[in-house]
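Have a look at the structure, then read on.

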Amino acid sequence: MMRSRLDNWICSLEGLSEVTPENLESLQLERLNSLLLRERERGGFYSALPCRLESLSELAALPFTTAEQLAENVSSMLLCSQAEVSRVISGSTSGTTGPAKRVFYTRRDIEHTVGFFAAGIGEFVSSGDTVMIAMPFSGPFGLGDLIAEAVTSLGAAALRTGADRSLGELCSELDSAQPEAYIGMSVPLLALLRYYVNLNGRLPPLRRALISGDACPEGVVSEIEALLSSRLFPHYGSREMCLGGAVTCPAHQGMHLRANHIIAEIVDAAGSPLPAGEWGELVITTLDMEALPLIRYRTGDYTRLLPAPCPCGSCTPRLDRVSRLNRRERLMEQLDSALFLLPSLLDYAAELLPGRLKISALTLDGRDPGLAASAKRLFLDSEIEAVCRKADENTVLSARKRTFL
């Protein structure tokens with residue numbers, strides 16, 4: 001298999017002939033020490049940390065950074081002047097229930113993210129393709145705009161669909177633009193595919209997709225892949241890592257980490273490091289970020305580092321599927337996997353009450369496809385109430401949090 005595009009991008013950006021475990025570790029340690037020195041010289045939030053480590057293993061001895069600390073101390077964490085800030089994202093990330101956070105990026109930070117996006121998207125998009133981008137377009141340097149910039153850099157056409165479009169509008173765009181590829185969240189994609197097939201009696205032109213922006217439950221992924229007749233390319237990112245974190249290669253065995261800019265650790269509930277292959281909380285240290293680098297930031301995400309080498313030949317660390325640590329949100333993902341096996345279901349909201357689960361569902365025909373029976377496997381001791389309504393061309397699929405109301 002050819003070298004991954006992520007490796008090619010890292011080599012081009014860092015002036016390397018190839019990515020090896022040795023030069024990757026050397027680059028990470030050099031950047032970590034440079035970051036620690038910047039923090040010491042600035043006298044900011046991390047100034048009490050040592051200004052030099054002798055090895056990456058010493059990173060585990062440094063204290064964690066929490067979401068609460070980020071929300072409360074962002075001004076002392078900012079390492080550049082306000083004049084150098086090109087983008088600020090405020091609010092809570094999808095699936096996050098903690099305090100609102102503000103994260104800052106410089107133009108250089110953003111340029112690196114676009115290059116990373118292009119490396120991941122280039123694994124399934126070729127010059128001349130049209131790509132439907134079903135992500136929010138919130139203005140200059142917003143997520144949708146950065147994805148579109150990455151797409152056009154590959155010689156492909158960016159179909160700026162955005163979020164919160166009606167099913168009728170989306171189907172019209174599929175027919176008029178004939179996009180080969182899709183970038184967006186998993187549940188809205190599955191709903192669109194099902195609605196289109198039900199409306200037209202045939203599959204849409206989409207054949208490949210990158211899913212991101214939310215949890216990707218296994219049951220949802222398997223249903224999408226069956227309709228596309230191709231494997232999905234999951235992506236993991238967050239605002240704390242400048243929106244881009246890990247991408248899937250053609251081997252489809254985990255998501256390769258943006259290792260020139262991010263060090264990933266997995267820790268248990270007590271904060272102790274776990275070896276590759278063990279499931280726990282993802283902790284990140286963001287390297288070479290100009291505006292707001294983070295040291296040992298606890299993401300609240302549950303995953304593992306895959307231990308075996310990737311068949312693509314890349315040595316960059318790989319994340320397995322990612323979910324939230326929060327028990328209710330992980331239970332929601334399990335419910336997603338169970339309910340979306342029902343072929344007429346397009347979307348739903350769930351409310352978990354003592355001894356009772358209420359489901360409000362959107363289906364192709366307005367009838368209940370057996371929601372209670374499917375949910376009962378997870379909620380054995382709960383009374384389950386399901387209410388369904390029929391989708392039509394004016395229905396808008398909300399980019400809601402995949403969590404209990």
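A residue is called buried under 20% relative accessible area, exposed over 50%, and partly exposed in between, using a 1.4 Å probe and protein chains only. What you see is a predicted model, where local features need pLDDT of at least 70, side-chain atom pairs count only at pLDDT 80 or more, and totals for chains, interfaces and linings use all residues. Residues are numbered from 1 along each chain as its sequence is written, and side-chain values use heavy atoms, with hydrogens and water left out.

**The sheet**
- Four strands make an open, antiparallel sheet in the order β10-β11-β12-β14; strands here are DSSP E runs of at least two residues, helices are H or I runs of at least four, and both are numbered from the N terminus.
- β10 (262-267) and β14 (323-324) sit at the edges with a single partner strand each, so one side of each has no neighbour in the sheet.
- β11 (residues 280-286) and β12 (residues 297-303) pair over 4 bridges, and pairing takes at least two bridges found by DSSP.
- I284 has Y297 in β12 as its bridge partner.

**Two residues with positive phi**
- Most residues other than glycine have a negative phi.
- R296, in the loop between β11 and β12, has a positive phi of about 50 degrees.
- R296 counts as buried because its relative accessibility is 2%.
- F141, in the loop between β3 (130-133) and α6 (143-153), has a positive phi near 70 degrees.
- F141 counts as partly exposed because its relative accessibility is 22%.
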